[in-house]
Each structure stands twice: as structure tokens, then as C-alpha cells.
Amino acid sequence: LRGGYTVWANLWGWPLAATVGQPLASLPLDFIQIALAALALYQVRMLSGRFLLRASDLPVKAHLVRRAFIALGVVFLGLLVVMPIIGAKLVASAVEEHTGGYINFTSKGIEARESTFTKDGKTVRLIGMIHVGEGRFYRDLFASFPADALVLVEGVSDEKGLLGGKFSYNHIAGALGLAEQAGIQAAWMAEKADEAAQKPAANAAPRASNVIRADIDISDFSAKTVDFLRDVGGLYNAPSMWEAYRHIQSMSDRYTDKDVAAIYSELIDKRNAKLIATFDKNAPASATVIIPWGAEHMPGIEKALRDKGYAFQSRRALNVVQYGALL
């Protein structure tokens, strides 16, 4: 029982895993651990008349060497199964923390969160996005946006060709059997632009599109950040896991922790500032504003909205990837 509890608690602790991150979330697991310890002491008491075992109480086992090798083999095989699961859980927990809960790993798949904020009759919907997911998620999401809503989309441009078109999630998406957000979003934006350009009547002027790219250009980043993005593009397009590992090792030698912190600030904070400026300029004319941006941007965007007096109303989950789609 004790061994089973240890594996269960360190992997998922289902269904108690749903409470992770909430106050006193670990108390149920702590009580179970105390109960198991009390049960063990009770069993010892029933078998030996004492609460503590002595060496003479333990059974003498034959063939100790053979038993030791068998045990080592079982442990090794167990680690081959358990360690990847533990690693995946650690990565999932880190992602959930960095995105402020806008990305969540469940027992069935990966979910994005949509939060709704309101102020003076205006509604703002924040949707945490992942760059790679099932195509039906992106298509259904974009199709669900109201026709009169202002949509502020992300997407760093590269007007000067500094990245040479090499930064793409296509390779990763193809390897996983998924779709890249950028391609589906670009097709949807083109369709919306065509709709806006058509005259509703013979003598009417074309309407302005209510879909705005609220992001910056690559040239707005520092040279260090541009170099980093080139390296990440090379990593995403690595032909093998071994080449990807070598690429990561090379990057770790070239970028210090201070460099990474500054680059992260540019990639998140600088782009968020441009988004909020675009929001301030265009939002007053719209009753509904939708912001489908990368999930890591969401904590900062949410804070900016709260600072402007917007109040949280609701949150819902959106299924981005079902694990079955990866098989």
C-alpha cells in the first residue's frame, strides 16, 4: 500500500490532482499518508504485540543474491516507465504555472482557458492559445467569433526578412500529426478581409476589417533576441532528436541566464505593451473584444485589464488536443 501510494501521489494523485494550486490542496494527500502510517503501525502491533519491529521479527529469506538481482531488474524496468511520466508531469506543471492556468493538462488532453471580463457594458474575452494543436480547434474557435466583435490577433511580422522565413512550427506540428495555428489563422484573416472589402450595397464604401494584428515586427527586437529566434527556428526544424539535443546544448553555451531573462521580457512584455496600446486605441468603438493570444501572454494581459477596471466574470475550458490525436 505504501509503495502504491508513493507512485500515485508523485504522478497524478487523481482525482485530487484537480485541486493542485489551490489553498490547502495537499491536505487530503497528507491525511491519506498519515492514515497509511497508522495502519502500518496497527498491523505491526497485531502481529508482534509491539508498535515497533525488531530484526528478529523479520523472516529469514533464502537466495538473497538472486532476489537482489530480480529486485534491481524490476526497479530498472519500473524507472523506464515512471521517469518519463514524472518528467512529463513536471513539464506540464511548469506550463500551467507560467501561463497562469490558461493551459491545463487533464487526463484526456490539453485544454486552453477562456476568461471573460466586463466593464461598463463592454466585454473582453481572453483566450490562451497554443501554437500547435488540432486543426478543428482553431477552425471552430475562429468561426465562433461574433461578426461584430473586434478581434486583436497575435503574429510577429518580419518585414525586413531578418529570420529568412525559417521560424515555423510546421515541422513540429507535422511530426505530431497536428496543425499549426499560424496557417489556419492567416486563412481566416484573409477571409475576413475579403468580406470587409466587399461593398454591402452598390453605392456603399467597403467596411474596415474588425480583425487587427496587434503585434510588433521582428525588427523591434534587440539583436540578441533576433539571434535567439533564429536559433529556436533551427531547433524546431532539427531533422532528429539527436540534432535537436546538440542544438539545445549549443544554445545553452551562447546564452546566459541574464540573456534569457532579457529575451523573455522582450518576447512577452514588449509585445503585450503593443497589444494593450492597440486595445486602448480600438476597443472604445466595440462592445465585444476578443484577444486570442499565446497563453504565456495571458497573465500580463489579464493584469493590464484589471488595472483598467475590468472585472472577471467567467472562465471556460476549450479542448485543444486530445491525447488520442497524438497516437
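**Strand pairing and helix packing in the predicted model**

Strands S5 and S8 run parallel and are joined by two bridges. Strands, like helices, are DSSP runs numbered from the N terminus (E, at least two residues, for strands; H or I, at least four, for helices). Two strands pair if DSSP finds at least two bridges between them. The model is predicted: local features need pLDDT of at least 70, side-chain atom pairs count only at pLDDT 80 or more, and totals for chains, interfaces and linings use all residues. Residues are numbered from 1 along each chain as its sequence is written, and side-chain values use heavy atoms, with hydrogens and water left out.

The protein holds ten helices and nine strands. Of its 327 residues, 32% count as buried. Buried means under 20% relative accessible area, exposed means over 50%, and partly exposed lies in between (1.4 Å probe, protein chains only). Contacts, defined as heavy atoms within 4.5 Å, were also sorted by sequence separation. Among those between residues at least 6 apart in sequence, 74% join residues at least 24 apart.

Strand S5 covers residues 150-153. Leu 150 and Leu 152 point one way from S5, and Val 151 and Val 153 point the other way. All four are buried. In a regular strand the side chains alternate between the two faces of the sheet. Leu 150 stands opposite Val 289 in S8. S5 also pairs with strand S7 (residues 211-213). That pairing is parallel and has three bridges. Here Val 151 stands opposite Val 211.

Strand S8 spans residues 288-294 and includes Thr 288. Thr 288 counts as partly exposed because its relative accessibility is 21%. Not counting residues up to four places away in sequence, Thr 288 touches Thr 123, Ala 149 and Leu 150. Thr 288 and Val 124 are 164 residues apart in sequence. Their C-alpha atoms are 5.9 Å apart in space.

Strand S2 (residues 109-119) is mostly covered, with nine of its eleven residues buried. S2 pairs with strand S1 (residues 103-105) in the antiparallel sense, over three bridges. Phe 105 stands opposite Ile 110 in this pairing. S1 and S2 form a hairpin with three residues between them. S2 also runs antiparallel to strand S3 (residues 122-129), and six bridges join the two. In S3, Arg 125 is the bridge partner of Thr 116. The hairpin of S2 and S3 has two residues between the strands. Asp 120 takes a positive phi near 50° in this hairpin. Strand S9 (residues 311-322) is likewise antiparallel to S2, and ten bridges join them. In S9, Ala 311 is the bridge partner of Thr 118.

Glu 111 is found in S2. Its side chain makes a polar contact with the side chain of Arg 113, at 2.7 Å. A polar contact is a pair of N or O atoms within 3.5 Å; within protein, one must be able to donate a hydrogen and the other to accept it, and residues adjacent in sequence count only if both atoms are side-chain atoms. Leaving aside neighbours within four places in sequence, Glu 111 is in contact with Tyr 102, Ile 103, Asn 104 and Thr 106, and also with Ala 317, Leu 318, Asn 319 and Val 320.

Val 320 is found in S9. Val 320 counts as buried because its relative accessibility is 0%. Residues up to four places away in sequence aside, Val 320 touches Ile 110, Glu 111 and Ala 112, as well as Ile 130, Val 132, Gly 133, Glu 134, Arg 136 and Phe 137. Val 320 and Leu 141 are 179 residues apart along the chain, and their C-alpha atoms are separated by 10.0 Å.

Helix packing was examined for H9 (residues 257-282) and H10 (residues 298-307). Their axes are 10 Å apart and form an angle of about 40°. Axes are lines fitted to C-alpha atoms, for helices over the stretch in contact, and angles run from 0 to 180 degrees between N-to-C directions. H9 passes H10 in a right-handed crossing. A crossing is right-handed if the near helix is turned clockwise from the far one by less than a right angle, and left-handed if anticlockwise. From H9, Asn 272, Leu 275, Ile 276 and Phe 279 meet Gly 300, Ile 301, Ala 304 and Leu 305 in H10. The residues of this contact divide into six nonpolar, two polar and no charged. Ala, Val, Leu, Ile, Met, Phe, Trp, Tyr, Cys and Pro count as nonpolar, Asp, Glu, Lys and Arg as charged, and the others, Gly among them, as polar.
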